[in-house]
Amino acid sequence: MSDSARDKAVHRAVAHDSAAKHVQGTAMYVDDIPEPRNLLHAYFGTSTVAHGRIKRLDLDRVRAAEGVKAVITSADIRGQDDISPVHAADEGVFANDHVQFYGQPLFAVAASSRDLARRAVRLAGIEYEPEPAIVDIDAALDAGLFVSEAHVMSRGDAEDAICNSPASVEGVLRTGGQDHFYLEGQVSMVIPVEDGDLQVYTSSQHPSEVQQTIARVLDKPANAVTVEVRRMGGAFGGKETQAAQWAVIAALLAEQTGRPVKLRLDRDDDMQSTGKRHDFIIRYQAGFDDQGRINGIRFFHAARCGMSSDLSAPIADRAMFHADNAYYLPAAHIESHRCKTHTVSNTAFRGFGGPQGMMGIERVIDEIAQHLGTDPWQVRRANFYAEAPRNITPYFMEVQDSVLDELCSQLADESGYTARRTDVMAFNESNEIHKRGIALTPVKFGISFTTTFLNQAGALVHVYKDGSIHLNHGGTEMGQGLMTKVAQVVADEFGVPLAQVKITATTTAKVPNTTATAASAGSDMNGMAARAACRTIRERITDFLVDEQDVSRSDIHFEQGMVRYGPQSEAFAAIIERVWMARISLSATGFYKTPKIHYDREQARGRPFFYFAYGAAVSEVEIDTLTGENRILRVDILHDTGQSLNPAVDMGQIEGGFVQGAGWLTSEELWWDEKGQLRTHAPSTYKIPTCGDVPEEFHARIWQQGCNREETIHKSKAVGEPPLMLAISVFSALGQAVVAAGGDLSSLDAPATPERILNAIAAGRRD
Amino acid sequence: MRSKVRFHLNGELHEVQHCPPTLTVLDYLRNECRLTGSKEGCAEGDCGACTLIVAEAGSTGTEYLAMNSCILFLAAIDGKSLISVDGLALGDGALHPVQAAMVEQHGSQCGFCTPGFVMSLAAMYQDHDQQPYSRENLNLNLAGNLCRCTGYAPIVRAAEQSLVSRDSTLVKELDQRVTTELEFLESDPPLSVEGTNGRVFAPRTLAQLLELRKNHPLATLVAGATDVGLWVNKDLQTFDTVIHTGAVAELLEISKENELIKIGAAVRLRDALPELIRHYPSMRDMLERFGGAQVRNAGTIGGNIANGSPIGDMPPALIALGARLELHSLESRREIVLEDFFIDYGRQDLKPDEVVSAVLLPIHDDGQFACYKISKRPEQDISALCAGIFMRLDRDAIEEARICFGGMAGTPSRAGQCEKALTGKPWRRDTFESAMQALKEDFTPISDMRASAAYRMRVARNLLLRFFIEHDVPERRMQETSSVR
Ligand SMILES: Cc1cc2nc3c(=O)[nH]c(=O)nc-3n(C[C@H](O)[C@H](O)[C@H](O)COP(=O)(O)OP(=O)(O)OC[C@H]3O[C@@H](n4cnc5c(N)ncnc54)[C@H](O)[C@@H]3O)c2cc1C
Ligand code: FES
Ligand code: FES
């Protein structure tokens with residue numbers, strides 16, 4: 001590595017910018033901001049039926065309760081009572097008279113303390129006229145209830161291809177939902193300022209949407225609402241659209257009382273009243289040859305969307321876009337249904353439908369392998385995207401950048417997959433009660449918002465007279481290290497130490513009209529936008545030096561805190577001072593839009609993704625056939641991050657994403673009772689992985705050969721979502737273990753709780 | 001008598017007049033002291049984001065216990081020393097070794113869980129037994145800390161980095177300071193708050209406790225508050241009068257006489273664990289998976305029984321072993337067999353003026369015993385069902401079978417028909433198979449979010465089978481290498 005490469009701010013494992021604050025408890029989250037003196041605390045009352053009309057909503061006792069200063073219902077909304085992120089007008093701030101899920105907000109109060117507010121909302125007298133509740137996908141399909149139109153993606157004649165294949169498999173797989181369980185629940189604080197304007201502090205991935213939603217509901221122009229987000233205590237998609245409602249409620253109450261209002265949800269209410277990952281029913285039918293190569297495939301997706309559309313359409317679309325995962329499907333027919341249910345509206349969650357889509361095809365591959373009696377990894381490999389013509393996706397995009405053959409082979413070698421598979425079989429021979437399984441599964445994940453216009457980002461960079469730099473962009477920090485990565489890009493552009501770049505809170509006042517920090521595209525887009533801003537300023541400095549020193553542009557270099565021109569070298573700050581005195585602007589905005597992408601949804605055809613991110617994992621598991629209890633014994637991961645901007649941050653996404661995915665597929669189960677109430681609304685009943693669920697043998701590595709073929713920021717690749725899907729290897733391995741126990745592979749649904757594992761074993765033994 | 005709650009927080013003496021009976025330490029820190037380092041992730045003792053260290057005098061020196069401040073009432077820390085994340089960094093502003101390791105190993109992402117992890121690790125760092133680092137021990141200590149971002153791997157690396165070799169000077173310095181603080185408050189008279197916000201008592205002797213119990217029949221007894229804390233935070237229950245049992249000397253004793261272990265009702269799970277597993281090693285798995293460290297550091301044996309829960313983990317094991325319960329009122333003392341305490345769902349044999357004072361557990365040196373805890377997630381999860389199985393053999397016949405299940409009925413219940421199908425029968429697989437069938441006459445379990453009725457029944461049967469397999473004669477005993485446990 002050359003000296004200058006070593007000093008580069010990018011491609012280095014620098015610590016998260018807030019790490020030292022995190023460990024001391026000094027990193028401020030919304031609830032930690034010193035409270036204004038006259039702050040009121042809001043809380044909301046919710047429905048206790050899943051579906052019905054409100055016959056009576058008596059709030060007299062609520063109004064009279066100790067400490068209560070204001071009570072609002074939908075009748076108090078002056079603007080548009082519409083919080084739908086896609087303007088579907090199918091979701092108000094509060095249920096009007098029509099309740100559509102158990103836990104739906106009906107009204108809210110502001111009181112002098114949070115405790116009093118929480119007590120007050122329990123005093124409401126509510127009577128309902130219950131109506132039949134459609135809670136799950138099957139019921140919605142039967143009733144023909146949908147939030148939006150079905151969608152079809154089709155290439156070739158799948159039906160025909162299946163019929164003409166020597167063998168075929170078919171079945172149904174159910175994948176469960178998932179609560180985000182961000183450790184910091186939803187929270188917003190709204191402070192009225194001059195002219196009826198509102199200053200909003202919120203925990204949201206999408207400050208612009210919070211701003212616009214408040215403006216719409218309160219009938220204000222957007223310029224009257226400023227939304228600021230310094231950091232979130234986790235989000236994972238759960239604060240993309242669903243942070244807005246709570247900010248709106250606080251804003252309504254702040255406006256009504258003229259006082260600052262904070263609304264922080266209790267964990268149980270958060271889990272009950274905010275949306276989750278969509279659960280899916282996936283029906284499949286696939287025809288294949290004797291090598292296990294798929295000739296044709298049909299998928300039927302049905303997603304539980306909840307009571308409104310929210311982001312369900314693009315989520316269900318992304319499931320379709322990933323129904324192929326890494327495999328070439330010569331003929332494919334994918335149809336997708338977006339079911340309306342009387343449950344909370346489901347929303348974005350890391351992977352955004354992609355994981356569900358992939359689960360379908362990975363199950364198909366496992367079934368084919370079982371049918372042929374071969375190693376599933378060989379079937380996977382036989383189906384990988386390859387050279388033309390085996391490189392066209394069901395949506396007619398050419399896969400030009402697949403690295404999976406190479407990456408997976410390396411992983412198989414390094415993890416000792418083949419030998420360990422033999423060991424697993426030997427273990428299963430000699431053990432009656434405990435059975436093991438091992439699986440290698442790949443991930444190919446499309447990067448870009450599939451709604452093309454969302455692929456834009458802005459940044460604002462100031463250089464102050466002393467050479468210190470202020471960085472702002474539209475991306476938000478939820479723990480993924482975005483701020484650190486973009487600061488690295490900026491430090492690199494100016495050749496200054498990272499510490500010279502000040503990371504500042506995301507605010508709609510500095511960078512407007514931003515897209516949610518989502519789709520893994522945060523550093524790709526904001527890094528580019530920030531770089532553009534830096535380059536504008538650097539160009540001006542360069543112009544100045546060319547002028548002042550009579551040097552040529554190519555002789556000017558920004559590095560190691562200095563600016564070198566010709567033989568001379570000067571401190572960055574010294575030059576900045578002169579640039580300022582020469583009356584040259586040291587502030588610039590930057591903008592980026594992702595190139596090359598286009599998509600015609602009507603035709604289901606185009607290039608929705610700029611590129612693909614790749615990775616693969618090998619997981620080995622053990623089950624107890626008496627109880628269904630299970631453990632992950634070992635995990636090996638190889639993941640392509642391109643030329644990583646920050647290997648430490650990327651490793652964090654890989655390991656963290658994997659474990660979150662493993663939780664989704666094993667212990668995290670959402671359970672509704674017969675009244676349509678979600679009963680797993682607390683960590684006591686909803687079980688995300690703990691430290692003990694992560695095996696000692698957990699070997700994640702970044703693929704050293706990785707390099708993005710496209711012109712992304714420093715040739716890096718997005719890494720936020722893709723690793724979650726590496727955990728499909730755990731599910732697949734559990735399936736292998738179930739088969740080893742005489743169970744039925746196709747009976748194993750997700751999450752593979754001890755109960756489902758035991759059921760799948762029983763199903764096989766019955767046959 | 002004393003009306004101010006007194007304790008040290010990060011080296012400073014705090015005195016709280018008119019302490020509200022259910023004010024939690026977390027709310028005190030965040031709202032009263034504006035110390036916002038400790039986070040609220042759940043307010044129900046399950047995520048660990050609010051973890052801090054409660055230091056107290058132990059028999060062999062000062063002990064440093066990680067606890068969940070969200071369900072810890074202020075009066076419960078009377079006389080103790082608290083260390084919160086806000087005060088962990090060293091005097092000169094340098095990071096504590098566990099903090100430094102968390103930074104160096106990239107152990108934080110969103111950072112919201114981080115203060116809790118830091119405090120759990122700091123408690124391990126300061127642990128006076130100085131247990132050697134192992135991943136297994138780490139898992140036990142972190143089971144009560146949830147992280148949604150990192151997948152734990154970097155936290156494990158940080159733990160390893162900081163705990164493998166500890167700076168003994170640092171440990172000693174803190175220990176000296178805290179020990180002095182504890183000594184300073186040692187001779188405080190018992191706490192007795194009768195103020196505008198309600199009454200809080202923390203008696204020191206059984207006699208004082210019984211007197212208070214009699215005078216305040218509506219008072220709520222609080223031991224570790226790992227149940228009561230949730231009623232306050234989630235159901236918004238208010239208590240006018242609270243009596244803490246945590247300082248009552250007799251309730252804190254563990255003694256052994258005549259083949260009987262007597263465990264005081266206020267003995268915490270962590271303190272009962274060594275003695276229990278010395279005699280009944282099979283309890284280890286259940287006890288180590290009972291809550292997380294924070295819950296075991298606060299929750300008591302008495303609380304686990306007195307709450308009357310059908311899914312408490314202790315009762316099935318204790319009932320199978322023939323434990324008795326000691327109940328005291330000012331006027332009388334009585335003993336009942338433990339299963340008789342549980343009358344029905346939500347109803348126990350406890351008079352308004354009585355307290356549970358101890359569990360009396362026979363030490364069997366003949367017989368076979370096993371205890372099983374089945375949950376969706378291995379660590380810190382309430383059981384879907386749990387079982388205690390005890391059998392005594394006479395040659396090849398089953399002389400006595402005591403089988404108790406939790407999670408199968410409204411109370412922890414003996415499996416009478418199943419026991420009958422075993423008693424006097426030969427120790428053989430087919431005997432067990434008919435006993436497994438008999439379970440359906442004993443129980444009609446319910447379906448809920450933890451498991452379906454069918455699963456509960458199937459697994460209850462399989463646990464009997466497991467008992468048979470695990471205790472069969474050596475040449476037939478199942479020898480499996482397993483990593484599930
Ligand atoms: C995160 C978490 C995990 C948990 N995991 C488990 C688990 O794995 N297994 C399990 O069984 N439980 C679990 N629990 C429940 C709880 O921790 C236990 O039931 C614990 O033993 C309760 O003891 P405590 O001292 O905290 O009781 P408290 O909450 O103080 O009291 C519980 C009840 O007992 C009464 N009481 C207490 N002492 C006496 C006495 N001496 N005489 C009469 N009445 C008395 C109280 O008035 C109250 O009604 C968990 C709880 C939490 C929060
Ligand atoms: S806040 Fe979750 S354990 Fe206390
Ligand atoms: S770092 Fe976000 S929850 Fe642990």
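User: What separates the centres of domain 1 and domain 2 of chain B, taken over C-alpha atoms?

Analyst: In this predicted model, the separation between the centres of domain 1 of chain B and domain 2 of chain B is 40 Å. The domain assignment places domain 1 at residues 1-189 and domain 2 at residues 368-471 of chain B.

User: How many residues of each chain make up the contact between chain A and chain B?

Analyst: Chain B contributes 66 residues and chain A contributes 70 residues. On the side of chain B that touches chain A, at least two residues each come from α2 (97-104), α3 (114-126), α4 (135-142), α5 (153-163) and α17 (453-471) of chain B. The largest share, six residues, is supplied by α17(B). By residue class, this side of chain B holds 34 nonpolar, 18 polar and 14 charged residues.

User: Which residues come nearest to ligand 1?

Analyst: The shell around ligand 1 has 31 residues, of which B:Gly45, B:Ala223, B:Gly224, B:Gly303 and B:Asn304 come nearest. Two or more residues of the shell are given by each of β8 (220-222), α11 (293-298), α12 (301-306) and β16 (355-362) of chain B. The element that gives the most is α12(B), with four residues.

User: What makes up the shell around ligand 1 in terms of nonpolar, polar and charged residues?

Analyst: The shell divides into 13 nonpolar, 14 polar and four charged residues. Gly counts as polar in this scheme, so B:Gly45, B:Gly224 and B:Gly303, which are among the residues that come nearest to ligand 1, fall in the polar class.

User: Why are β21 and β23 of chain A said to stand at the edges?

Analyst: The open sheet has three strands in the order β21-β22-β23 (chain A), with antiparallel pairing. β21 (556-559) and β23 (568-571) of chain A each have a single partner strand, so one side of each is left without a neighbour in the sheet. From one strand to the next, the twist averages 20 degrees.

User: Which helix lies across β22 and β23 of chain A?

Analyst: Helix α17 (residues 572-581) of chain A lies across these two strands, and α17 of chain A runs at about 80 degrees to β23(A).

How values were computed: Residues numbered from 1 in each chain as written. Chains lettered and ligands numbered in written order. Predicted model: local features only at pLDDT ≥ 70, side-chain atom pairs only at ≥ 80, totals over all residues. Near = placed C-beta within 6 Å. Contact = placed C-beta atoms within 7 Å. Domains from an automatic or database assignment. Pairing = 2+ DSSP bridges. Axes fitted to C-alpha atoms, helices over the stretch in contact; angles between N-to-C directions.
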